[in-house]
Amino acid sequence: KSTVGLHGFALDTEYVRQSDGTETTMPAAAVTSYVMKQLLENFPDDPVLSDEDGELLSRDQTFAKSVANFLTSFQVLPDATPEGVAEWSKHCNSYPDGVPPNRYWVFTPIDSNKEFRDAKQFCCTLCLIQDGEPVLSVMGCPMLSYDHPSRSTSHPSGSSIFYAVKGHGAWTQCVIMQRETGVYMGQYGLKGKSLKLKVSEKIRRGNDGLYDMLGTEQLRIAQHSRMRQDIFLDSERIAKLLGSEFAKFHFIDNSIKFSWLARGDEDIAWTITQGLYDSSSTLRITEHAAGAFIAQESGAVLSDFDGKDIDWSTGPILANNRGLFATDPNKVPKQAIVKAAKEATEKSQVLYEERCEKRREKAKMLRKIFEEMTKQAETDEEIKGAEVVKRRGLEMLDNDEEMMKLTQESMNRGVPILGQPPTADADALEGPIPYSPINPNSE
(Lines give C-alpha, C1' and ligand atoms only; values in the text may rest on other atoms or scores of the structure.)
Protein backbone atom coordinates (compact mmCIF):
# COMPACT_ATOMS: atom_id res chain seq x y z
CA LYS A 1 0.00 0.00 0.00
CA SER A 2 2.72 2.45 0.91
CA THR A 3 4.30 1.91 -2.51
CA VAL A 4 1.35 3.36 -4.40
CA GLY A 5 -0.05 5.69 -1.75
CA LEU A 6 -3.54 4.26 -1.91
CA HIS A 7 -5.66 2.70 0.83
CA GLY A 8 -8.95 0.88 1.34
CA PHE A 9 -11.52 1.13 -1.42
CA ALA A 10 -9.30 3.32 -3.62
CA LEU A 11 -6.62 0.61 -3.57
CA ASP A 12 -9.13 -2.05 -4.62
CA THR A 13 -10.48 0.13 -7.42
CA GLU A 14 -7.04 0.67 -8.94
CA TYR A 15 -5.26 -2.61 -8.35
CA VAL A 16 -7.82 -5.41 -7.86
CA ARG A 17 -10.16 -7.01 -10.38
CA GLN A 18 -12.92 -9.60 -10.01
CA SER A 19 -13.43 -12.11 -12.83
CA ASP A 20 -15.82 -15.09 -12.68
CA GLY A 21 -15.73 -14.98 -8.89
CA THR A 22 -11.91 -14.99 -8.82
CA GLU A 23 -9.91 -12.06 -7.49
CA THR A 24 -6.83 -10.88 -9.38
CA THR A 25 -4.44 -8.36 -7.85
CA MET A 26 -2.15 -6.22 -9.96
CA PRO A 27 1.04 -7.92 -8.62
CA ALA A 28 -0.44 -11.34 -9.50
CA ALA A 29 -1.16 -10.16 -13.03
CA ALA A 30 2.38 -8.75 -13.26
CA VAL A 31 3.96 -12.03 -12.10
CA THR A 32 1.79 -13.92 -14.60
CA SER A 33 2.88 -11.70 -17.49
CA TYR A 34 6.56 -11.96 -16.55
CA VAL A 35 6.63 -15.75 -16.08
CA MET A 36 4.56 -16.37 -19.21
CA LYS A 37 7.01 -14.24 -21.22
CA GLN A 38 9.92 -16.37 -19.99
CA LEU A 39 8.11 -19.62 -20.79
CA LEU A 40 7.14 -18.42 -24.26
CA GLU A 41 10.73 -17.46 -25.03
CA ASN A 42 12.32 -20.64 -23.66
CA PHE A 43 9.62 -23.33 -24.00
CA PRO A 44 7.22 -22.00 -26.64
CA ASP A 45 5.58 -25.39 -27.29
CA ASP A 46 4.75 -26.13 -23.65
CA PRO A 47 1.16 -25.35 -22.56
CA VAL A 48 0.46 -23.87 -19.12
CA LEU A 49 -2.23 -24.78 -16.59
CA SER A 50 -3.24 -21.98 -14.26
CA ASP A 51 -6.33 -20.79 -12.39
CA GLU A 52 -5.71 -17.21 -13.56
CA ASP A 53 -7.82 -15.39 -16.15
CA GLY A 54 -5.45 -15.03 -19.08
CA GLU A 55 -7.82 -12.75 -21.00
CA LEU A 56 -8.27 -10.22 -18.19
CA LEU A 57 -5.59 -7.78 -19.39
CA SER A 58 -6.92 -7.93 -22.95
CA ARG A 59 -10.39 -6.94 -21.73
CA ASP A 60 -9.18 -4.27 -19.28
CA GLN A 61 -6.69 -1.88 -20.85
CA THR A 62 -6.54 0.28 -17.72
CA PHE A 63 -5.47 -2.71 -15.65
CA ALA A 64 -3.00 -3.75 -18.36
CA LYS A 65 -1.44 -0.29 -18.20
CA SER A 66 -1.06 -0.56 -14.41
CA VAL A 67 0.67 -3.94 -14.83
CA ALA A 68 3.03 -2.60 -17.49
CA ASN A 69 3.88 0.44 -15.33
CA PHE A 70 4.61 -1.86 -12.38
CA LEU A 71 7.00 -4.00 -14.41
CA THR A 72 8.83 -1.00 -15.88
CA SER A 73 9.01 0.95 -12.61
CA PHE A 74 10.80 -1.91 -10.85
CA GLN A 75 12.97 -2.61 -13.91
CA VAL A 76 11.63 -6.16 -14.12
CA LEU A 77 10.68 -5.70 -17.77
CA PRO A 78 11.84 -2.18 -18.77
CA ASP A 79 10.19 -2.41 -22.21
CA ALA A 80 6.82 -3.78 -21.06
CA THR A 81 3.75 -2.30 -22.75
CA PRO A 82 0.03 -2.77 -22.04
CA GLU A 83 -0.32 -4.68 -25.32
CA GLY A 84 2.67 -6.87 -24.50
CA VAL A 85 1.59 -7.88 -20.99
CA ALA A 86 -1.91 -8.65 -22.29
CA GLU A 87 -0.49 -10.96 -24.96
CA TRP A 88 1.93 -12.75 -22.63
CA SER A 89 -0.78 -13.26 -20.00
CA LYS A 90 -2.94 -15.25 -22.42
CA HIS A 91 -0.41 -18.08 -22.36
CA CYS A 92 -1.38 -19.02 -18.78
CA ASN A 93 -4.59 -20.55 -20.20
CA SER A 94 -2.92 -22.52 -23.01
CA TYR A 95 -3.63 -25.88 -21.32
CA PRO A 96 -5.93 -27.77 -23.73
CA ASP A 97 -9.31 -29.29 -22.99
CA GLY A 98 -9.60 -33.07 -22.95
CA VAL A 99 -6.68 -35.45 -22.44
CA PRO A 100 -3.80 -33.90 -20.43
CA PRO A 101 -0.72 -33.23 -22.60
CA ASN A 102 2.47 -35.22 -22.04
CA ARG A 103 4.33 -32.13 -20.93
CA TYR A 104 3.01 -28.89 -19.41
CA TRP A 105 3.66 -26.32 -16.69
CA VAL A 106 1.50 -25.77 -13.60
CA PHE A 107 1.61 -22.16 -12.44
CA THR A 108 0.25 -20.04 -9.59
CA PRO A 109 1.43 -16.40 -9.42
CA ILE A 110 0.34 -15.70 -5.84
CA ASP A 111 -0.71 -18.48 -3.50
CA SER A 112 -2.91 -17.28 -2.01
CA ASN A 113 -4.42 -13.84 -2.66
CA LYS A 114 -5.91 -13.80 0.83
CA GLU A 115 -2.52 -14.24 2.52
CA PHE A 116 -0.91 -11.74 0.15
CA ARG A 117 -3.46 -9.02 0.87
CA ASP A 118 -3.23 -9.66 4.60
CA ALA A 119 0.60 -9.34 4.44
CA LYS A 120 0.98 -12.97 5.56
CA GLN A 121 3.03 -15.81 4.09
CA PHE A 122 2.43 -16.30 0.38
CA CYS A 123 4.34 -17.89 -2.48
CA CYS A 124 4.69 -18.14 -6.26
CA THR A 125 4.88 -21.66 -7.69
CA LEU A 126 5.86 -23.24 -10.98
CA CYS A 127 6.01 -26.98 -11.68
CA LEU A 128 6.81 -28.97 -14.81
CA ILE A 129 4.67 -32.08 -15.38
CA GLN A 130 6.05 -34.65 -17.82
CA ASP A 131 4.46 -38.02 -18.60
CA GLY A 132 2.01 -37.56 -15.73
CA GLU A 133 4.64 -36.85 -13.05
CA PRO A 134 6.24 -33.69 -11.60
CA VAL A 135 9.88 -33.45 -12.66
CA LEU A 136 10.86 -29.89 -11.72
CA SER A 137 9.49 -27.40 -9.24
CA VAL A 138 10.25 -23.87 -8.02
CA MET A 139 8.64 -21.96 -5.16
CA GLY A 140 9.42 -18.36 -4.23
CA CYS A 141 8.46 -17.18 -0.72
CA PRO A 142 9.18 -13.43 -0.31
CA MET A 143 7.81 -13.23 3.24
CA LEU A 144 9.39 -16.44 4.56
CA SER A 145 12.67 -15.94 6.40
CA TYR A 146 15.50 -18.06 5.07
CA ASP A 147 16.33 -20.97 7.35
CA HIS A 148 17.95 -24.41 7.33
CA PRO A 149 18.73 -27.07 9.98
CA SER A 150 22.44 -26.29 9.58
CA ARG A 151 21.93 -22.69 10.72
CA SER A 152 21.89 -21.49 14.32
CA THR A 153 19.14 -18.99 13.52
CA SER A 154 17.07 -17.84 10.58
CA HIS A 155 18.52 -15.14 8.35
CA PRO A 156 17.29 -11.73 9.60
CA SER A 157 16.73 -10.26 6.12
CA GLY A 158 16.86 -13.22 3.72
CA SER A 159 13.87 -14.59 1.84
CA SER A 160 13.49 -18.19 0.67
CA ILE A 161 13.44 -19.92 -2.68
CA PHE A 162 12.83 -23.68 -2.84
CA TYR A 163 13.40 -25.86 -5.87
CA ALA A 164 13.59 -29.53 -6.76
CA VAL A 165 14.54 -31.68 -9.74
CA LYS A 166 13.46 -35.29 -10.04
CA GLY A 167 16.19 -37.59 -8.80
CA HIS A 168 18.41 -34.70 -7.66
CA GLY A 169 16.71 -33.72 -4.39
CA ALA A 170 15.25 -30.50 -3.04
CA TRP A 171 17.19 -27.35 -2.28
CA THR A 172 16.73 -23.92 -0.70
CA GLN A 173 18.41 -20.65 -1.61
CA CYS A 174 18.71 -17.39 0.33
CA VAL A 175 17.65 -14.22 -1.51
CA ILE A 176 18.43 -10.73 -0.21
CA MET A 177 15.96 -8.08 -1.40
CA GLN A 178 16.56 -4.37 -1.03
CA ARG A 179 13.85 -2.88 1.15
CA GLU A 180 13.13 0.50 2.69
CA THR A 181 10.63 0.53 5.58
CA GLY A 182 9.54 -2.92 4.43
CA VAL A 183 8.94 -1.93 0.79
CA TYR A 184 10.80 -3.80 -1.95
CA MET A 185 12.89 -1.34 -3.99
CA GLY A 186 13.57 -3.48 -7.06
CA GLN A 187 17.06 -4.82 -6.26
CA TYR A 188 17.87 -8.36 -5.14
CA GLY A 189 20.72 -10.86 -5.05
CA LEU A 190 21.48 -14.46 -4.11
CA LYS A 191 23.46 -15.00 -0.91
CA GLY A 192 25.62 -18.05 -0.43
CA LYS A 193 25.13 -21.46 -2.00
CA SER A 194 21.95 -23.48 -2.20
CA LEU A 195 21.57 -25.93 0.67
CA LYS A 196 20.09 -29.39 0.23
CA LEU A 197 16.93 -30.26 2.15
CA LYS A 198 16.40 -33.52 4.00
CA VAL A 199 13.02 -33.98 5.62
CA SER A 200 14.55 -36.00 8.46
CA GLU A 201 16.75 -33.07 9.55
CA LYS A 202 14.70 -30.84 11.82
CA ILE A 203 14.95 -27.22 12.87
CA ARG A 204 14.90 -27.36 16.65
CA ARG A 205 15.94 -24.29 18.57
CA GLY A 206 14.67 -21.96 21.26
CA ASN A 207 11.72 -22.48 23.57
CA ASP A 208 8.34 -23.68 22.47
CA GLY A 209 6.24 -22.30 25.32
CA LEU A 210 3.46 -24.56 26.53
CA TYR A 211 4.63 -27.49 24.38
CA ASP A 212 7.92 -27.65 26.29
CA MET A 213 5.93 -28.13 29.48
CA LEU A 214 4.01 -31.16 28.24
CA GLY A 215 6.90 -33.50 28.87
CA THR A 216 6.30 -35.43 25.65
CA GLU A 217 7.16 -34.65 22.06
CA GLN A 218 4.14 -33.69 19.98
CA LEU A 219 3.67 -33.87 16.24
CA ARG A 220 3.99 -30.67 14.24
CA ILE A 221 1.38 -30.61 11.47
CA ALA A 222 0.83 -28.00 8.76
CA GLN A 223 -2.60 -27.68 7.21
CA HIS A 224 -5.15 -25.23 5.80
CA SER A 225 -6.45 -22.57 8.17
CA ARG A 226 -9.93 -21.67 6.92
CA MET A 227 -11.77 -24.90 7.60
CA ARG A 228 -15.05 -25.95 9.13
CA GLN A 229 -15.10 -27.22 12.69
CA ASP A 230 -15.87 -30.80 11.61
CA ILE A 231 -12.81 -30.83 9.31
CA PHE A 232 -10.50 -29.59 12.04
CA LEU A 233 -11.91 -32.21 14.42
CA ASP A 234 -11.12 -34.86 11.81
CA SER A 235 -7.53 -33.57 11.65
CA GLU A 236 -7.26 -33.55 15.42
CA ARG A 237 -8.68 -37.06 15.60
CA ILE A 238 -6.03 -38.41 13.21
CA ALA A 239 -3.27 -36.77 15.26
CA LYS A 240 -4.57 -38.32 18.48
CA LEU A 241 -4.76 -41.74 16.86
CA LEU A 242 -1.11 -41.25 15.89
CA GLY A 243 -0.32 -40.79 19.58
CA SER A 244 -0.06 -37.00 19.66
CA GLU A 245 -2.66 -35.85 22.17
CA PHE A 246 -1.75 -32.17 21.76
CA ALA A 247 -0.41 -31.93 18.23
CA LYS A 248 0.90 -28.52 17.25
CA PHE A 249 -1.02 -27.37 14.18
CA HIS A 250 0.37 -24.62 11.96
CA PHE A 251 -2.24 -23.12 9.66
CA ILE A 252 -1.59 -21.71 6.21
CA ASP A 253 -3.66 -21.67 3.03
CA ASN A 254 -0.97 -22.28 0.45
CA SER A 255 1.88 -24.56 -0.62
CA ILE A 256 4.35 -23.17 1.91
CA LYS A 257 3.23 -25.92 4.28
CA PHE A 258 5.15 -28.40 2.09
CA SER A 259 8.33 -26.28 2.17
CA TRP A 260 8.03 -26.10 5.98
CA LEU A 261 8.02 -29.90 5.99
CA ALA A 262 10.92 -30.15 3.53
CA ARG A 263 13.23 -27.86 5.51
CA GLY A 264 12.47 -29.42 8.89
CA ASP A 265 9.85 -27.16 10.47
CA GLU A 266 7.09 -29.79 10.38
CA ASP A 267 6.57 -33.54 10.65
CA ILE A 268 3.47 -33.76 8.43
CA ALA A 269 1.73 -31.52 5.91
CA TRP A 270 -1.76 -32.46 4.75
CA THR A 271 -4.84 -31.15 2.96
CA ILE A 272 -8.34 -32.11 4.02
CA THR A 273 -10.76 -29.86 2.14
CA GLN A 274 -13.91 -31.82 3.05
CA GLY A 275 -14.85 -33.90 6.07
CA LEU A 276 -13.37 -37.40 6.07
CA TYR A 277 -16.89 -38.79 5.61
CA ASP A 278 -16.87 -37.20 2.13
CA SER A 279 -15.08 -39.47 -0.36
CA SER A 280 -15.16 -36.96 -3.23
CA SER A 281 -11.93 -35.78 -4.88
CA THR A 282 -11.69 -31.99 -5.13
CA LEU A 283 -7.99 -31.09 -4.82
CA ARG A 284 -6.54 -28.91 -7.58
CA ILE A 285 -3.15 -29.71 -9.06
CA THR A 286 -2.30 -25.98 -9.18
CA GLU A 287 -2.48 -25.83 -5.39
CA HIS A 288 -0.36 -28.92 -4.68
CA ALA A 289 2.01 -30.08 -7.43
CA ALA A 290 4.91 -27.66 -6.86
CA GLY A 291 5.01 -27.85 -3.07
CA ALA A 292 4.30 -31.56 -2.76
CA PHE A 293 7.08 -32.39 -5.23
CA ILE A 294 9.61 -30.32 -3.25
CA ALA A 295 8.60 -32.21 -0.10
CA GLN A 296 8.87 -35.54 -1.92
CA GLU A 297 12.36 -34.80 -3.26
CA SER A 298 13.46 -33.87 0.27
CA GLY A 299 12.60 -37.43 1.35
CA ALA A 300 8.96 -37.07 2.37
CA VAL A 301 6.43 -39.74 1.42
CA LEU A 302 3.33 -38.63 -0.51
CA SER A 303 -0.03 -40.37 -0.39
CA ASP A 304 -3.75 -39.83 -0.13
CA PHE A 305 -5.72 -40.86 2.94
CA ASP A 306 -6.63 -44.20 1.37
CA GLY A 307 -2.95 -45.08 1.00
CA LYS A 308 -2.82 -44.58 -2.77
CA ASP A 309 -0.02 -42.77 -4.57
CA ILE A 310 -0.94 -39.33 -5.91
CA ASP A 311 -2.08 -39.60 -9.53
CA TRP A 312 -0.84 -36.40 -11.20
CA SER A 313 -1.99 -37.56 -14.65
CA THR A 314 -5.68 -36.70 -14.24
CA GLY A 315 -5.44 -33.03 -15.22
CA PRO A 316 -6.60 -30.00 -13.20
CA ILE A 317 -8.36 -32.06 -10.50
CA LEU A 318 -6.67 -34.91 -8.61
CA ALA A 319 -9.71 -37.04 -9.35
CA ASN A 320 -8.30 -40.37 -8.14
CA ASN A 321 -7.23 -39.25 -4.67
CA ARG A 322 -9.05 -38.48 -1.43
CA GLY A 323 -7.05 -35.74 0.24
CA LEU A 324 -3.26 -35.57 0.25
CA PHE A 325 -0.51 -35.74 2.84
CA ALA A 326 3.28 -35.62 2.92
CA THR A 327 5.07 -37.08 5.91
CA ASP A 328 8.56 -37.56 7.26
CA PRO A 329 8.66 -41.40 7.16
CA ASN A 330 11.28 -41.48 9.90
CA LYS A 331 8.87 -39.69 12.24
CA VAL A 332 5.44 -40.89 11.08
CA PRO A 333 5.25 -43.79 8.58
CA LYS A 334 2.75 -43.54 5.75
CA GLN A 335 0.79 -46.62 6.86
CA ALA A 336 0.33 -45.18 10.34
CA ILE A 337 -1.43 -42.12 8.89
CA VAL A 338 -3.51 -44.26 6.53
CA LYS A 339 -4.63 -46.48 9.41
CA ALA A 340 -5.43 -43.49 11.62
CA ALA A 341 -7.33 -41.82 8.77
CA LYS A 342 -9.41 -44.97 8.28
CA GLU A 343 -10.45 -45.01 11.95
CA ALA A 344 -11.06 -41.26 11.93
CA THR A 345 -13.18 -41.63 8.78
CA GLU A 346 -15.44 -44.16 10.48
CA LYS A 347 -16.01 -41.74 13.36
CA SER A 348 -16.53 -38.86 10.92
CA GLN A 349 -19.22 -40.86 9.10
CA VAL A 350 -21.03 -41.58 12.37
CA LEU A 351 -20.98 -37.90 13.34
CA TYR A 352 -22.18 -36.91 9.88
CA GLU A 353 -25.12 -39.28 10.16
CA GLU A 354 -25.95 -37.74 13.54
CA ARG A 355 -25.97 -34.29 11.95
CA CYS A 356 -28.21 -35.60 9.18
CA GLU A 357 -30.58 -37.04 11.78
CA LYS A 358 -30.77 -33.63 13.45
CA ARG A 359 -31.53 -32.15 10.05
CA ARG A 360 -34.38 -34.60 9.62
CA GLU A 361 -35.74 -33.63 13.04
CA LYS A 362 -35.64 -29.97 12.06
CA ALA A 363 -37.33 -30.81 8.75
CA LYS A 364 -40.12 -32.53 10.66
CA MET A 365 -40.57 -29.44 12.79
CA LEU A 366 -40.60 -27.20 9.71
CA ARG A 367 -43.18 -29.46 8.06
CA LYS A 368 -45.51 -28.98 10.97
CA ILE A 369 -45.01 -25.20 10.82
CA PHE A 370 -45.77 -25.11 7.08
CA GLU A 371 -48.88 -27.26 7.53
CA GLU A 372 -50.21 -24.95 10.26
CA MET A 373 -49.55 -21.71 8.36
CA THR A 374 -52.95 -21.39 6.69
CA LYS A 375 -54.68 -21.83 10.06
CA GLN A 376 -52.98 -18.70 11.33
CA ALA A 377 -53.97 -16.56 8.33
CA GLU A 378 -57.00 -14.30 8.66
CA THR A 379 -57.62 -12.38 5.42
CA ASP A 380 -58.06 -13.91 1.97
CA GLU A 381 -54.76 -12.35 0.91
CA GLU A 382 -52.93 -13.85 3.89
CA ILE A 383 -54.49 -17.26 3.24
CA LYS A 384 -53.43 -17.13 -0.41
CA GLY A 385 -49.87 -16.19 0.52
CA ALA A 386 -49.71 -18.86 3.23
CA GLU A 387 -50.86 -21.52 0.72
CA VAL A 388 -48.01 -20.59 -1.62
CA VAL A 389 -45.43 -20.72 1.18
CA LYS A 390 -46.87 -24.02 2.44
CA ARG A 391 -46.79 -25.62 -1.01
CA ARG A 392 -43.22 -24.54 -1.77
CA GLY A 393 -42.00 -25.43 1.70
CA LEU A 394 -43.46 -28.94 1.60
CA GLU A 395 -42.08 -29.50 -1.91
CA MET A 396 -38.61 -28.60 -0.63
CA LEU A 397 -38.91 -30.88 2.41
CA ASP A 398 -40.12 -33.79 0.25
CA ASN A 399 -37.11 -33.48 -2.05
CA ASP A 400 -34.46 -35.53 -0.22
CA GLU A 401 -31.80 -34.75 -2.80
CA GLU A 402 -32.38 -31.02 -2.51
CA MET A 403 -32.39 -31.17 1.30
CA MET A 404 -29.07 -33.06 1.33
CA LYS A 405 -27.67 -30.48 -1.05
CA LEU A 406 -28.80 -27.65 1.23
CA THR A 407 -27.26 -29.43 4.21
CA GLN A 408 -23.91 -29.84 2.45
CA GLU A 409 -23.94 -26.24 1.21
CA SER A 410 -24.63 -25.08 4.75
CA MET A 411 -21.61 -27.03 5.98
CA ASN A 412 -19.41 -25.80 3.12
CA ARG A 413 -20.53 -22.19 3.42
CA GLY A 414 -17.57 -19.83 3.35
CA VAL A 415 -19.59 -16.67 4.04
CA PRO A 416 -22.02 -15.75 6.82
CA ILE A 417 -25.50 -17.14 6.34
CA LEU A 418 -26.90 -13.58 6.30
CA GLY A 419 -24.48 -12.55 3.59
CA GLN A 420 -21.35 -10.47 3.27
CA PRO A 421 -20.76 -7.27 5.28
CA PRO A 422 -21.59 -3.90 3.68
CA THR A 423 -19.61 -3.10 0.56
CA ALA A 424 -16.76 -0.63 0.73
CA ASP A 425 -17.51 3.10 0.55
CA ALA A 426 -15.46 5.00 -2.01
CA ASP A 427 -14.82 7.72 0.60
CA ALA A 428 -13.66 5.29 3.30
CA LEU A 429 -10.03 5.14 4.39
CA GLU A 430 -9.74 1.40 5.07
CA GLY A 431 -13.13 0.01 4.12
CA PRO A 432 -16.70 0.55 5.28
CA ILE A 433 -17.89 1.88 8.62
CA PRO A 434 -21.22 0.04 8.84
CA TYR A 435 -24.28 2.15 9.56
CA SER A 436 -22.23 5.33 10.03
CA PRO A 437 -23.32 8.56 8.26
CA ILE A 438 -19.91 10.14 8.87
CA ASN A 439 -17.78 10.95 5.86
CA PRO A 440 -14.18 10.87 7.15
CA ASN A 441 -13.07 13.28 4.42
CA SER A 442 -15.71 15.93 5.06
CA GLU A 443 -14.65 19.29 6.50
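This is a predicted model: local features need pLDDT of at least 70, side-chain atom pairs count only at pLDDT 80 or more; totals for chains, interfaces and linings use all residues.
Trainee: Got it. So where is the place of Leu276?
Mentor: Leu276 sits in the loop between strand 12 and helix 10 (289-297). Helices (H or I, at least four residues) and strands (E, at least two) are DSSP runs, numbered from the N terminus.

Trainee: Buried or exposed, that Leu276?
Mentor: Leu276 is buried, at 4% relative accessibility. Buried means under 20% relative accessible area, exposed over 50%, and partly exposed in between, with a 1.4 Å probe and protein chains only. The C-alpha atom of Leu276 is also 7.3 Å from that of Ile231, 45 residues apart along the chain.

Trainee: Zooming out, how many helices and strands does the protein chain have?
Mentor: There are 13 helices and 14 strands. The protein chain has 443 residues, and 44% of them count as buried. Among its contacts with a separation of 6 or more, 65% are between residues 24 or more positions apart.

Trainee: And what does the accessible surface come to?
Mentor: About 23,600 Å², with 52% belonging to carbon and sulfur atoms. Areas come from the Shrake-Rupley method with a 1.4 Å probe, and for residues only the protein chains shown count as cover.

Trainee: Now the open sheet. In what order do the 5 strands come?
Mentor: The order is 11-10-12-14-13, with mixed pairing. Two strands pair if DSSP finds at least two bridges between them. Strand 11 (248-251) and strand 13 (301-303) are the edges, each pairing on one side only. On average, neighbouring strands in this sheet are turned by 20 degrees against each other, direction ignored.

Trainee: Which helix packs on that sheet?
Mentor: Helix 11 (residues 334-376) does, touching strand 12, strand 13 and strand 14, and its direction makes about 145 degrees with that of strand 14. Axes are lines fitted to C-alpha atoms, for helices over the stretch in contact, and angles run from 0 to 180 degrees between N-to-C directions.

Trainee: How do strand 12 and strand 14 run?
Mentor: Strand 12 (residues 268-271) and strand 14 (residues 324-327) are antiparallel, joined by 4 bridges. Thr271 has Leu324 of strand 14 as its bridge partner.

Trainee: What about hairpins: which residue in the turn between strand 5 and strand 6 has a positive phi?
Mentor: Asp131, at about 55 degrees, in a hairpin with 2 residues between the strands. Strand 5 (residues 123-130) and strand 6 (residues 133-145) pair antiparallel over 7 bridges, and Cys127 stands opposite Ser137. Strand 6 also pairs antiparallel with strand 7 (residues 158-165), over 7 bridges. There, Met139 is the bridge partner of Phe162.

Trainee: How many residues of helix 9 are buried?
Mentor: For helix 9 (residues 256-263), 8 of its 8 residues are buried, including Lys257, Trp260 and Arg263. Gly264 follows helix 9, with a positive phi near 105 degrees.

Trainee: Last topic, rings. How many aromatic pairs are there?
Mentor: The structure holds 10 of them. One is Tyr95 with Tyr104, edge-to-face at 5.0 Å centre to centre and 70 degrees between the planes. Rings of Phe, Tyr and Trp (its six-membered ring) pair if their centres lie within 6.5 Å, and planes under 30 degrees apart count as stacked, over 60 as edge-to-face and the rest as tilted. Tyr95 is buried at 12% relative accessible area, and Tyr104 is buried at 2%.

Trainee: Are Phe249 and Phe251 stacked or edge-to-face?
Mentor: Stacked, at 6.2 Å centre to centre with 20 degrees between the planes. Phe249 is buried at 13%, whereas Phe251 is partly exposed at 40%. Together with Phe232, Phe249 and Phe251 form one aromatic cluster.

Trainee: And which residue lies over the face of Trp88?
Mentor: Lys37, at 5.5 Å from the ring centre. A charge sits over a ring if NZ of Lys or CZ of Arg is within 6 Å of the ring centre and within 35 degrees of the ring normal.

Definitions and conventions
Residues are numbered from 1 along each chain as its sequence is written. Side-chain values use heavy atoms; hydrogens and water are left out. Contact means heavy atoms within 4.5 Å.
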